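Trainee: Can you walk me through this one? I'd like to start with the fold and then look at some side chains.

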Amino acid sequence: MEQHKICFVTGHRPGSFPWDYYDKECAAHKDYLKTMHDYIKKLITEQGFDYFICGGAIGVDTDFAQTVLSLKKKYKNIQLEIAVPCEDQDLKWTAEDKAVYHKILKKADVVTVLAKKYTPSCMMARNRYMVDKSDFGMAFWYSKQKKGGTYATIRYVEKIGKPYELFGLYEFTDKHKKIAAFLESIPNRVPINDDDIPPFPFKDKPFPKKGKK
């Protein structure tokens, strides 16, 4: 049986982003997409990851899938799996979002449908499926969102000790960058004590070691 190094993603839908997700010219959005692209490329070229899973939802999932498919043009060995929580996931989506979704499904190497109809638990069942199958994960999270699928998935990842990298969406915003630049400009600034930062569930995660599952 062929062995893969597998990476999943979890992240928000458009309404939970700290900027207008649909403004594709927004500097924060461009920075977010570039960061995602560069990190996935690094996983492929430096860590040997060759299999990527997302849930196909609008937002981070769609961006992740499109990024993997774009990189697949150069790195032809990589594969994309869409883990669909239920057959009618796109029932209430716009025609445009449905078209993008079905185009991704058509190009994906694997499509796994976990339930025929929507149930209150099917989304989290999909998320746990992705986490359990993977060696590593990427999480795009806005710190004000203390509920929902992304938050619950990160908590599950932390609980089982799965390695992952956390990307704070707020860090891509101009407001955050201005504050960070201001703090860096203060002479003799006392650094934040790590003990002042809540250790759970959002401490930074390193890259997994090469060759390690």
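**Strands, helices and salt bridges**

Mentor: Start with β1, α1 and β2, which make a right-handed β-α-β unit. Keep in mind that this is a predicted model.

Trainee: OK. How many helices and strands does the protein have?

Mentor: There are 6 helices and 6 strands. From the N terminus, the elements run β-α-β-α-β-α-β-α-β-α-β-α.

Trainee: And in what order do the strands form the sheet?

Mentor: The order is β4-β3-β2-β1-β5-β6. The sheet is open, and the pairing is parallel.

Trainee: Which strands stand at the edges?

Mentor: β4 (110–113) and β6 (164–168) do. Each has a single partner strand, so one side of each is left without a neighbour in the sheet.

Trainee: By how many degrees are neighbouring strands turned against each other?

Mentor: By 20° on average, with direction ignored.

Trainee: What holds strands together in general?

Mentor: Strands of a sheet pair through backbone hydrogen bonds, either parallel or antiparallel.

Trainee: Back to β1. Which strands does β1 pair with?

Mentor: One is β2, in the parallel sense over 3 bridges. Another is β5 (residues 136–141), which runs parallel to β1 and is joined to it by 5 bridges.

Trainee: Which residues are the bridge partners there?

Mentor: On the β2 side, Ile-6 has Tyr-51 as its bridge partner. Cys-7 has Phe-52. On the β5 side, Val-9 is partnered by Met-138.

Trainee: Is β1 buried or exposed?

Mentor: Buried: 6 of its 6 residues are, so β1 is largely enclosed by the rest of the structure.

Trainee: Which residues sit on each side?

Mentor: Ile-6, Phe-8 and Thr-10 are on one side of β1. Cys-7, Val-9 and Gly-11 are on the other. They are all buried, and both faces of the strand are covered.

Trainee: What about β2? Which way do its residues point?

Mentor: Tyr-51 and Ile-53 point one way, Phe-52 and Cys-54 the other way. All of these are buried too.

Trainee: How many bridges join β2 to β3?

Mentor: 4 bridges, and the two strands run parallel. For example, Tyr-51 stands opposite Gln-79 in β3. The chain gets from β2 to β3 through α2, and that β-α-β crossover is right-handed.

Trainee: And then β3 to β4?

Mentor: β3 (residues 79–84) and β4 pair in the parallel sense over 4 bridges. Ile-82 stands opposite Val-111 in β4.

Trainee: Which strands does helix α4 touch?

Mentor: Helix α4 (residues 122–133) packs on the sheet and touches β1, β2, β3 and β4. Its direction makes about 150° with that of β3.

Trainee: New topic. How many salt bridges are there in the whole structure?

Mentor: A search finds 5. One of them joins the side chains of Lys-34 and Asp-38, at 2.6 Å from N to O.

Trainee: Where do those two sit?

Mentor: Both are in helix α1 (residues 27–47). They are 4 residues apart, so they are separated by about one helical turn.

Trainee: Are they buried or exposed?

Mentor: Lys-34 is exposed, with a relative accessible area of 51%. Asp-38 counts as partly exposed, at 33%.

Trainee: Which salt bridge ties together parts that are 37 residues apart?

Mentor: Lys-72 with Asp-109, at 3.3 Å from N to O. Lys-72 lies in helix α2 (residues 60–72), and Asp-109 lies in the loop between α3 (95–107) and β4, so the pair ties together parts 37 residues apart in sequence. Asp-109 is partly exposed, at 35% relative accessible area.

Trainee: What does Lys-133 form a salt bridge with?

Mentor: With Glu-81, the closest N and O atoms being 2.8 Å apart. This pair links distant parts of the chain, with Lys-133 in helix α4 and Glu-81 in strand β3, 52 residues apart.

Trainee: Is Glu-81 buried or exposed?

Mentor: Glu-81 is buried, with a relative accessible area of 0%.

Trainee: Last one. What percentage of the protein's residues count as buried?

Mentor: 46% of the 213 residues. The protein exposes about 12,100 Å², and carbon and sulfur atoms supply 55% of that.

Conventions. Residues numbered from 1 in each chain as written. Predicted model: local features only at pLDDT ≥ 70, side-chain atom pairs only at ≥ 80, totals over all residues. Heavy atoms only, no water. Pairing = 2+ DSSP bridges. Axes fitted to C-alpha atoms, helices over the stretch in contact; angles between N-to-C directions. Contact = heavy atoms within 4.5 Å. Salt bridge = Lys/Arg side-chain N within 4 Å of Asp/Glu carboxyl O. Buried < 20%, exposed > 50% of the residue type's maximum accessible area, 1.4 Å probe, protein only. Areas by Shrake-Rupley, 256 points an atom, 1.4 Å probe, with all protein chains shown as cover. Right-handed = clockwise from strand over helix to strand, strands pointing away.
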